[in-house]
Every structure is written in structure tokens, then in C-alpha cells.
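Hi,

Here is the structure I promised to send over. Have a look at it first, and then read on for what turned up.

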Amino acid sequence: MMTKITFDHCLELDAADPLAEYRSAFLLPEGLIYLDGNSLGALPAATPGVVADVVQRQWGADLIRSWTSNDWINAPLRVGAKIAGLIGAGPDEVIVGDSTSANLYKLIVAALEARPDRTIVLSEEGNFPTDLYMIHGAIATVGRGCRLETRPRETLADAITQEVALVLLTQTHYKTADKLDMAAMTARAHEAGALILWDLSHSAGAVEVDLNGAGADLAVGCGYKYLNGGPGAPAFLFVAKRHHGRLRSPLSGWMGHSSPFDFVDDYRPAEGIRRFLCGTPPILGIAALEVGVDLIARAGMARLAEKSRHLCSLMIDLVEQECDFAGLQLVTPREASRRGSHVSFRHPEGYAIVQALIEEGVIGDFRAPDILRFGFTPLYVGFADVWEAVQRLKTIMADRRWDRDDYRVRAAVT
Ligand SMILES: *Cc1c(COP(=O)(O)O)cnc(C)c1O
């Protein structure tokens, strides 16, 4: 039998935690346990000041000169290079801008045009909806009989045939946290002559990613989840350097032009990753994102990932130990190397339970139809927080506090 986990044990883990000091680098309400950084990362304490400076000094006083004097023009590349360091990419292979959805569109169309003799985009059944929706939009743009095929996770590898132009996979599943083996799937795609596009929305800043180690072609990811860039933060995209000369963005805006300030009529894409920019970069959003990315880079991905594995394991073990009566079915892999940084359970009353938990000061989220999801962000979640969250969950389940009609009314955003 496993030895019983105690609150004191959790306190000891916090006392020995080399990342504990980062908790004070975030502004979080007192007493709140925030387990939703996988959906919207918390606010770094430095962000309000940095954004205020960009607004008041750079925009207010320096005005249009800031494109040069404050290097606004290179912000997408500068912050892209910092994100590159977190995902195993070269500093000139990542650029920041647009949303994850828009970046998916650019790269799906670019990939289909680079494989003109192939028609299939292969993805996962139950992938995050925008990924599938953007494939629909992209194949409608490209035409020539292109189509989407989806398969369950277990049979994806076998479905990569010679007809597949692009394999689009979300590495860490947004519901279960199940993590695909990037190197193995990439090798499999390449064997069949297909390109592969990784959605890192639930991986970047959460787990160790090695795009170039795996030989990946393309990737996208979110700025507002584990990277703590704030609501609607600009996303990022990665294109392996070997593809820079060949792949072209269908959103051929002037910021991706080789010389936007020549104001010529003909479109000529920039040489490097810059060709995947479209319009004028969102400077305020990038400034906030940079603060979040800097914090992750300073803490170090290896240390972060190690603590994440530990926090998630503790959550799984504690729910098992304290809430075995509650009918919560674990859907996240137990094996730490096979999962991202969130832990999910299935329960038919999942939505109401999550509402009751929020009322008790533990913010997780719900994913239809029946998933309770808890994100573990090592910079601002500690081991005693996990203990406390599980105690509150236990009380809610034991007292059936979730069993209220108003907790069953779905809000517009879950
Ligand atoms: C969160 C998430 C997105 C979000 O896309 P947006 O364009 O930022 O809304 C895309 N893909 C996955 C896998 C996600 O988890």
C-alpha cells in the first residue's frame, strides 16, 4: 500500500521548491487557488507597469517614432526568438502575431500548396475544434479535392498514407492532457512524405518541447495560456528553416513583404520567418506577452516541467486518496511522461461540480460533455495549494454542494 500523503508532506515539498519564489511574481487574489492557467494564465506582477510604459511613454510621447526608437517593428521576431528557446526551435524560426486560429490557416494552406499532388489533411477525431474548423476553411481555399480525415489518437499513425499532404496534431490533448510522441509521429509523417504541423497550445510553457530535435516542420501555439500573455494575447508560429524559401503564407499582407516600406504594387515575400506576418503587429499585446515569456525563460523549462509532473502526480494521488467515494474517473495518463500539465476527471455532474468549486475559491474549468479540468502552472501553484484544492473538492462531493439548480445553468464561456 502507498503511504498516506499528508498536508505536512505538501508543506515540505513547497519549502524545498526552487520555483516557490516565482509565486510573488504574479498578482493573484488572496486565498484563491487558480487551476486554470491552461486556459488563461495569471497576471504577472510586472505586466501592468510594462504595458503602462508602452502606452504612456512609447505611444503617448514617442508616438510613431517608436517603431524605430522602441524597436516595435522587430517585436514579433524578438519575442518569437524568446519563445523559440522554450520549444526547441532556432531564434529565427518563430514569429509572434495573429491568433492561433489564423496561424493555423496560414500554415495549413502553405503546406497544401507545398504538396500539390496530395489531397488529405489528417487530424485527430476530437481535436480542439478550431483546428478542425480551420482545416475546413483552408481546404475550401485550396480546392482541388482536398479533404479532412480524422482518426482516433491510437490509429493516427497508421492513417498516414501517401495521399496525406499534412498531418495536423495537437500535442497535448486539451481535455485529457494525453501527450503525443512528437519525434515518433513526425518520423512517421516524413516516412510517408507528408508535412507535420504541431499545435502546441497546451504544451508551450508547460512541458519540454524539442521541435528541431523531432525534425518538426511547422507549429503554432497560444500566448495566453501557459505563457501568461493575457486575454487574447498574440499567438506564435514556427516554420523550420529548411522550409523558409518554399512555403508561402496565403495571407500575403504588407508586413510579410520583403520591403514593406518600398510601397511597390507587387507582392514579394520576405526571406525568412517574417513572411508569415500579415498586418501591423499588436504592440500592446506583444509587450504583455513578452513579460510572461521572460518569466518562463528565467525559471527554465526543465525545472518547470519537472515541477509540473510532480504537481499533476500529487493531484492524481490525492484525489484517489481523499475522494475515492466521489465517482471521479481519471482520464489523464498516470505516466508523467505521457501527459501535459493538466489533470482531468470525468463526472456526469462535472459542470455543477466546477461551479461549486469556483464558489469555494478553486478555479478549474469544465469541458463538455463531462470533463472537469485542472491546470497546474508551476510558477504560481504550490503543493499545499493542491492539498487545499482537493480538500475543498472532497467537501463539495461529500456534502453534495454541487447539487443546486443554479449550478447547472451553463454560462456562455465555460
Ligand atoms: C486554446 C487553443 C486554441 C486557441 O485558438 P485561438 O485562435 O487563440 O482562439 C487553438 N488550438 C488549441 C489546441 C487550443 O488549445
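The shell around the ligand is made up, by class, of 7 polar, 3 nonpolar and 3 charged residues. Please keep in mind that this is a predicted model. There are 13 residues around the ligand, and those that come nearest are Ser-101, Asp-199, His-202, Tyr-224 and Lys-225.

The side chain of Lys-225 places an N or O atom 2.6 Å from an oxygen atom of the ligand. For His-202, a polar side-chain atom lies 3.1 Å from a ligand oxygen. Thr-100 takes part through its backbone instead: one of its polar backbone atoms is 3.5 Å from an oxygen atom of the ligand. How much of the ligand does the protein bury? Taken alone, the ligand exposes 390 Å², and the protein buries 87% of that. Helix 5 (100–114) and helix 6 (129–142) are the elements that give two or more residues to this shell.

Next, the helix packing. Helix 1 (residues 7–15) packs with helix 12 (residues 383–398), their axes 7 Å apart and at an angle of about 150°. Angles over 145 degrees count as roughly antiparallel, so helix 1 is roughly antiparallel to helix 12. On the helix 1 side the contact is made by Phe-7, Cys-10, Leu-11, Leu-13 and Asp-14, and helix 12 brings Phe-383, Ala-384 and Trp-387. By class, that contact has 7 nonpolar residues, 1 charged residue and no polar ones.

Helix 9 (residues 283–299) and helix 10 (residues 301–322) have axes that come within 6 Å and cross at roughly 85°. That angle makes helix 9 roughly perpendicular to helix 10. Ile-296, Arg-298 and Ala-299 of helix 9 meet Met-301, Arg-303 and Leu-304 of helix 10. This contact has 4 nonpolar and 2 charged residues, with no polar ones.

Finally, two backbone details in loops. Most peptide bonds are trans, and most residues other than glycine have a negative phi. The peptide bond from Ala-368 to Pro-369, however, is cis, with omega near 5°. You will find Pro-369 in the loop between strand 14 (365–367) and strand 15 (371–375). Asp-71 is not a glycine, yet it has a positive phi of about 55°. Asp-71 lies in the loop between helix 3 (66–69) and helix 4 (75–84).

Happy to talk any of this through.

Best wishes

Methods: Residues are numbered from 1 along each chain as its sequence is written. This is a predicted model: local features need pLDDT of at least 70, side-chain atom pairs count only at pLDDT 80 or more; totals for chains, interfaces and linings use all residues. Side-chain values use heavy atoms; hydrogens and water are left out. Axes are lines fitted to C-alpha atoms, for helices over the stretch in contact, and angles run from 0 to 180 degrees between N-to-C directions. Helices (H or I, at least four residues) and strands (E, at least two) are DSSP runs, numbered from the N terminus. Angles under 35 degrees count as roughly parallel, over 145 as roughly antiparallel, 65 to 115 as roughly perpendicular and the rest as oblique. Contact means heavy atoms within 4.5 Å. Ala, Val, Leu, Ile, Met, Phe, Trp, Tyr, Cys and Pro count as nonpolar, Asp, Glu, Lys and Arg as charged, and the others, Gly among them, as polar. A residue is near a molecule or strand if one of its heavy atoms lies within 4 Å of it. A polar contact is a pair of N or O atoms within 3.5 Å; within protein, one must be able to donate a hydrogen and the other to accept it, and residues adjacent in sequence count only if both atoms are side-chain atoms. Accessible areas come from the Shrake-Rupley method with a 1.4 Å probe; for residues, only the protein chains shown count as cover.
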